[in-house]
Amino acid sequence: MKRFAVILLTALVFAHCTDSDGAKDSKPKPSTPKKTEKKTVKPTVPTTPVFTGPRLEFLKSIPGSIDGCGEFFTYDTCKMSDEKYVFLSDMGDFALIRIKGKDIQLKKNRRESKQLNAISSVEVYYAVGYKVILRKKEEKVVDELYTYSGTIQIISKKIKTTFKVRGEGGC
């Protein structure tokens, strides 16, 4: 009985496929007005981003080399007040990220880094096996405290990943 039902369904599928081929019809099909359906849009809820490459981990502590002036970045889904940073910079040549449980010290490449306009810049950093590109835009300036939005892109031999970030910087 089950075999008969499977054979019957298969025959119906093949019959439907050959009948619906518009190239074999000699008469044009009449056009029917399309029904407009109301589509419900689900609100987007900020969640943890999906990453295809290595995920930047939160740094355990701020090193002593970032004393005085510095920039501190976290994921755009995190609050700055939580002080969970994924990228730190001394606003000079040194920066720090954490991947797979290891702190990676970065050195800024001044040739590739550039100021795009008065509020946007691209900073390029290198470490063994990694190239990190920080694209940042000043959102707000209060006294000497800057608020940034932007992206951090990590490039290695096998991986190319980008994260949206927000940050603060100043002296």
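**Charged side chains and their pairing**

Lys 102 is found in strand 4 (residues 102-108), strands being DSSP runs of E of at least two residues, and helices DSSP runs of H or I of at least four, both numbered from the N terminus. The structure is a predicted model, in which local features need pLDDT of at least 70 and side-chain atom pairs count only at pLDDT 80 or more, while totals for chains, interfaces and linings use all residues. Residues are numbered from 1 along each chain as its sequence is written, and side-chain values use heavy atoms, with hydrogens and water left out.

At 60% relative accessibility, Lys 102 counts as exposed (over 50% relative accessible area; buried is under 20% and partly exposed in between, with a 1.4 Å probe and protein chains only). Together with Lys 100, Lys 157 and Lys 158, Lys 102 forms a patch of positive charge on the surface. Such patches are made of residues with over 30% relative accessible area and no salt bridge, like charges being joined within 9 Å; the place of a Lys charge is taken as NZ.

Side chains of opposite charge can pair when their charged atoms come close. With a salt bridge defined as a side-chain nitrogen of Lys or Arg within 4 Å of a carboxyl oxygen of Asp or Glu, the count comes to seven. Arg 98 takes part in a salt bridge with Glu 57 at 3.6 Å, N to O. Because Arg 98 lies in strand 3 (residues 94-99) and Glu 57 in the loop between helix 1 (2-19) and strand 1 (70-75), this pair ties together parts that are 41 residues apart in sequence. Arg 98 also meets Asp 103 in a salt bridge of 2.7 Å, N to O. Arg 98 is buried, with a relative accessible area of 12%, whereas Glu 57 is partly exposed at 29% and Asp 103 is partly exposed at 45%.

A further salt bridge, of 3.0 Å from N to O, links the side chains of Glu 123 and Lys 136. Glu 123 lies in strand 6 (residues 120-127) and Lys 136 in strand 7 (residues 130-142), so the pair connects parts that are 13 residues apart in sequence. For Glu 123 the relative accessible area is 9%. The side chain of Glu 123 additionally makes a polar contact of 2.8 Å with that of Tyr 125, a polar contact being a pair of N or O atoms within 3.5 Å, of which, within protein, one must be able to donate a hydrogen and the other to accept it, residues adjacent in sequence counting only if both atoms are side-chain atoms.

Definitions and conventions. Patches are made of residues with over 30% relative accessible area and no salt bridge: like charges are joined within 9 Å, nonpolar side chains (Val, Leu, Ile, Met, Phe, Trp, Tyr) within 5 Å. Accessible areas come from the Shrake-Rupley method with a 1.4 Å probe; for residues, only the protein chains shown count as cover. Lys and Arg count as positive and Asp and Glu as negative; His and the chain ends are not counted.
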